Amino acid sequence: MSFPQVARHLQTLQHRLQAGGPLPLVYSGSLVRVRGLILEAQGLEASLGERCRISTEQNRSIDAEVVGFNGDHVQLMALGEVQGLTPGSRVHPVPGDIRIPVGPELLGRVLDGNGRPLDGDGALLASSYTTLSTKPINPLGRALVRQPLDVGVRAINALFTVGRGARMGLFAGSGVGKSVLLGMMARNTNADVIIVGLIGERGREVKEFIEDILGVEGRERAVVVAAPADAPALTRIRGARLATAMAEYYRDQGKNVLLLMDSVTRYALALREVALAAGEPPAARGFPPSVFAKLPALVERAGNGPEGGGSITAFYTVLMEGDDQQDPVADNVRAILDGHIVLSRRLAEQGHFPAIDLQASISRVMPAIASPIELRRMQKLKEMQSRYASQQDLIAVGAYTPGADLQLDQAVQAHESIRQFLQQGMHEAVGLTQSRQQLADLMSPYVTQTSSF
């Protein structure tokens with residue numbers, strides 16, 4: 001309990017004593033069972049999701065959270081190491097929600113999944129605080145997605161234009177370039193504040209992302225929340241909620257926020273770990289039903305605020321198991337996002353970066369923020385690439401005969417120019433206006449102002 005909470009609690013006790021009222025009772029319980037990841041306590045009065053503190057014989061305390069009930073036993077999961085626990089260890093409820101430090105002082109800082117500093121730059125001197133639990137915005141009170149957002153990546157700017165306040169997914173298997181693409185957008189996107197949530201990443205990759213991919217210029221306006229793979233499942237879950245809550249605070253202050261979460265799949269895996277440990281039966285590929293209820297609850301917190309206010313433009317990476325787009329998490333997340341960008345392992349192996357699969361990717365908000373001619377250019381480019389891909393084997397063996405198919409002739413003629421247009425170096429930035437103009441120059445022989453499909 002923090003000092004302000006203690007002061008308020010003592011003040012409340014003083015007022016009750018002066019008024020002659022009864023003092024509040026604080027119930028504590030005792031630890032009676034440890035079963036895998038689940039700790040069970042009896043004699044404890046606590047509600048689902050409430051924080052508790054367990055005292056050990058070594059004068060240590062371990063924070064835990066209520067995740068379920070088994071008869072009159074309260075089931076908890078620890079937020080740290082559980083060494084030192086003994087039968088009968090006292091379990092005390094911790095009143096009040098978690099206070100999350102926010103404000104301009106946090107820009108450039110790195111926090112763990114519980115909101116504590118990881119960067120060694122001293123204590124967090126925050127000017128404001130928020131909580132993990134926030135009230136959802138009325139859907140009818142949100143501003144529409146009507147403004148394009150420049151992310152600095154030519155292929156995305158021109159072909160899958162992102163709207164300010166949209167929620168996009170980066171879908172790929174491991175090692176295809178998701179994190180590098182996130183770093184490019186973090187450095188190049190025109191946003192007031194960047195919130196990066198590294199959930200379930202390997203510890204080595206956390207430092208690499210901060211120093212090599214995010215870089216100095218990206219970190220100056222960013223807050224990084226890192227809950228690596230070796231953190232307890234509840235800490236990984238809390239890290240995702242913490243990053244989202246911080247983004248909501250800055251949005252409510254009128255800021256345009258870019259939220260990058262890598263990855264939502266590992267958030268779902270942490271949810272599965274907690275649910276299975278609490279006894280919930282598995283459903284789709286081992287995922288309990290509660291996981292698919294909590295995914296939209298997290299994603300829906302991003303987006304635009306009320307008209308004239310701030311926004312949260314979110315990118316969530318989705319790790320597809322075995323590059324399978326029908327993976328339950330990938331399939332569920334795709335349905336609740338405003339668009340998805342699929343990265344191809346085949347293109348990545350050819351040294352093509354960013355390895356965007358044009359046919360499998362889409363931006364559902366692009367029709368609302370792009371002109372009709374820009375949409376026709378995008379559609380024509382995707383059509384030409386699809387036509388070329390369908391005949392690529394014949395072209396490679398020399399069986400292609402020019403003149404037999406006019407559209408295929410166009411696709412073959414423009415293929416090398418399109419390939420160069422789609423590629424971009426990780427330290428290269430291409431603005432939205434420049435991206436659209438380059439697409440117009442590339443497609444001008446094939447699309448006119450009056451052409452249609």
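**Helices that pack together**

Tutor: Let us begin with H11 and H14, which are oblique to each other; angles under 35 degrees count as roughly parallel, over 145 as roughly antiparallel, 65 to 115 as roughly perpendicular and the rest as oblique. Before going on, please note that this is a predicted model, in which local features need pLDDT of at least 70 and side-chain atom pairs count only at pLDDT 80 or more, while totals for chains, interfaces and linings use all residues. Residues are numbered from 1 along each chain as its sequence is written, and side-chain values use heavy atoms, with hydrogens and water left out.

Helix H11 covers residues 372-390 and helix H14 residues 432-443. (Helices are DSSP runs of H or I with at least four residues, strands are runs of E with at least two, and both are numbered from the N terminus.) The two pack at an angle of about 60°, and their axes are 10 Å apart. Here axes are lines fitted to C-alpha atoms, for helices over the stretch in contact, and angles run from 0 to 180 degrees between N-to-C directions. The crossing of H11 and H14 is left-handed, a word used if the near helix is turned anticlockwise from the far one by less than a right angle, with right-handed for clockwise.

Which residues in H11 and H14 meet? From H11 come Glu374, Arg377, Met378, Lys380, Leu381 and Met384, and from H14 come Arg436, Leu439, Ala440, Leu442 and Met443; contact means heavy atoms within 4.5 Å. By class, this contact of H11 with H14 has seven nonpolar, no polar and four charged residues. (Ala, Val, Leu, Ile, Met, Phe, Trp, Tyr, Cys and Pro count as nonpolar, Asp, Glu, Lys and Arg as charged, and the others, Gly among them, as polar.)

H14 also packs with helix H13 (residues 406-422), at an angle of about 175° and with axes 11 Å apart. That angle makes H13 roughly antiparallel to H14. On the H13 side, Ser417, Ile418 and Phe421 take part, meeting Ser435, Gln438, Leu439, Leu442 and Met443 in H14. The contact of H13 with H14 divides into five nonpolar, three polar and no charged residues.

Another helix pair is H7 (residues 289-299) and H8 (residues 328-336), whose axes come within 10 Å and cross at roughly 40°. This makes H7 oblique to H8, and their crossing is right-handed. Phe292, Leu295, Pro296 and Val299 in H7 meet Pro328, Val329, Asn332, Val333 and Ile336 in H8. That contact of H7 with H8 has eight nonpolar, one polar and no charged residues.

Now for the strands. Six of them close into a barrel in the order S1-S2-S5-S4-S3-S6, with antiparallel pairing; two strands pair if DSSP finds at least two bridges between them. From one strand to the next, the twist averages 45°. Helix H5 (residues 233-252) lies across S3, S4 and S5 (73-78), running at about 90° to S4.

Finally, a word on confidence. The mean pLDDT of the protein is 85, and 92% of its residues reach 70 or more; pLDDT is the predictor's confidence in each residue, from 0 to 100. Among the elements, helix H1 (residues 3-19) has the lowest mean pLDDT, 51. Where pLDDT is low, the predicted coordinates should not be read in detail.
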